[in-house]
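Trainee: I have a new model open and would like to learn how to read it. Where do we begin?

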Amino acid sequence: KRRKPRIPWSNEHIIVFLSHEKITTNDFSATAIALFTGMRIEDICQLKGKDIEEGCIKIEEGKTNASSRKIPIHSVILPIIEKLISRSGKDYLLTGLSPGGIDGKRSAYFSRRQSDLRRKVGLPEGVVFHSLRNTFATRMENAGVPKNHISQLMGYEDDNMTLDVYSGGVAIEPLRESINKLNYGSGMNLLIKNLFT
């Protein structure tokens with residue numbers, strides 16, 4: 001069966017989903033973190049308080065060598081990160097998740113829940129959790145962020161062989177400037193302010 005292509009989330013999709021009565025702190029937090037970091041669902045489910053340092057999210061391993069990286073925390077989601085740390089300490093930021101599937105991923109049942117929620121909310125078929133990565137990349141590109149910054153933030157090797165082989169990567173401050181160019185509108189900012197401050 002052919003799946004519909006993934007569609008980036010619009011501001012309307014984001015607000016409709018995050019405002020739904022069935023959305024929990026975990027659902028809201030994971031979605032917001034994905035929107036402002038481009039992280040995969042399993043990486044978010046594996047995040048612990050100890051992975052937050054110096055205003056960055058530290059990812060030590062992932063699907064590729066480039067997956068190991070630091071992502072500056074956007075100022076808009078800082079209250080979310082702070083609240084998650086206050087309730088979980090150095091442990092998993094998303095609490096109460098049961099591992100599942102053949103490989104025992106923490107995201108297995110949570111991912112299924114996300115799919116059910118999107119259907120209940122009435123989002124289009126191609127608007128899925130993984131397309132939050134598409135959303136992040138598209139918004140960053142449209143904000144004029146250099147492609148090598150986007151690649152590094154998302155954990156991809158750059159298309160430039162010289163940079164891949166010889167560069168140690170972009171420093172944190174230029175990445176922080178790039179990530180702070182992201183904007184999902186005043187509705188998103190207000191939702192976070194009302195729920196997390």
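Mentor: Begin with burial. This is a predicted model. Buried residues account for 44% of the 197 residues in the protein chain.

Trainee: How many helices and strands does the protein chain have?

Mentor: It has 10 helices and 3 strands. Read from the N terminus, the order is α-α-α-β-β-β-α-α-α-α-α-α-α.

Trainee: What share of the contacts with a separation of 6 or more joins residues 24 or more positions apart?

Mentor: That share is 69% in the protein chain.

Trainee: How do I read a core?

Mentor: In soluble globular proteins, nonpolar side chains tend to be buried together. Here the largest nonpolar core has 51 residues, and Phe28 and Met188 touch the most other members. Helix α2, residues 25-37, supplies the largest share of this core, with 7 residues.

Trainee: Which residues does Met188 contact, leaving aside its neighbours within four places in sequence?

Mentor: They are Ile14, Ile15, Leu18, Ala32, Leu35 and Phe36.

Trainee: Now helix packing. What should I look at?

Mentor: Two packed helices are described by the angle between their axes and the distance between the axes. Take α2 and helix α10, residues 186-196: the angle is about 140 degrees, and the axes are 12 Å apart. So α2 is oblique to α10. The cut-off matters, because only angles over 145 degrees count as roughly antiparallel. The crossing of α2 past α10 is left-handed.

Trainee: Which residues of α2 and α10 make the contact?

Mentor: From α2 come Thr25, Phe28, Ser29, Ala32, Leu35 and Phe36. From α10 come Met188, Leu191, Ile192, Leu195 and Phe196. By class, this contact of α2 with α10 has 9 nonpolar residues, 2 polar and no charged.

Trainee: How should I read the spacing along a helix?

Mentor: An α-helix has 3.6 residues a turn, so residues three or four places apart point the same way. Keep that in mind when you inspect a contact list.

Trainee: At what angle do the axes of α2 and α6 cross?

Mentor: They cross at roughly 35 degrees and come within 7 Å. Thr31, Ala34, Leu35, Phe36 and Thr37 of α2 meet Leu132, Thr135 and Phe136 of α6. The contact of α2 with α6 divides into 5 nonpolar, 3 polar and no charged residues.

Trainee: Is Ala137 buried or partly exposed?

Mentor: Ala137 sits in helix α6, residues 131-142. Its relative accessible area is 22%, so Ala137 is partly exposed. The cut-off for buried is under 20%. Beyond its neighbours within four places in sequence, Ala137 contacts Ile150 and Met154. Also compare sequence with space: Ala137 and Phe36 are 101 residues apart in sequence, and 10.0 Å apart C-alpha to C-alpha.

Trainee: Why does Ser178 count as buried?

Mentor: Ser178 counts as buried because its relative accessible area is 3%. Ser178 belongs to helix α9, residues 172-179. Leaving aside neighbours within four places in sequence, Ser178 contacts Met140, Val145, Pro146 and His149.

Trainee: Which elements do the buried residues of α4 pack against?

Mentor: They pack against α2, β1 (52-53) and α10. Helix α4 spans residues 78-88, and its buried residues are Pro79, Ile80, Ile81, Leu84 and Ser88.

Notes: Residues are numbered from 1 along each chain as its sequence is written. This is a predicted model: local features need pLDDT of at least 70, side-chain atom pairs count only at pLDDT 80 or more; totals for chains, interfaces and linings use all residues. Side-chain values use heavy atoms; hydrogens and water are left out. A nonpolar core is a set of buried Ala, Val, Leu, Ile, Met, Phe, Trp, Tyr and Cys residues joined through side-chain atoms within 4.5 Å. Buried means under 20% relative accessible area, exposed over 50%, partly exposed in between (1.4 Å probe, protein chains only). Helices (H or I, at least four residues) and strands (E, at least two) are DSSP runs, numbered from the N terminus. Contact means heavy atoms within 4.5 Å. Axes are lines fitted to C-alpha atoms, for helices over the stretch in contact, and angles run from 0 to 180 degrees between N-to-C directions. Angles under 35 degrees count as roughly parallel, over 145 as roughly antiparallel, 65 to 115 as roughly perpendicular and the rest as oblique. A crossing is left-handed if the near helix is turned anticlockwise from the far one by less than a right angle, and right-handed if clockwise. Ala, Val, Leu, Ile, Met, Phe, Trp, Tyr, Cys and Pro count as nonpolar, Asp, Glu, Lys and Arg as charged, and the others, Gly among them, as polar.
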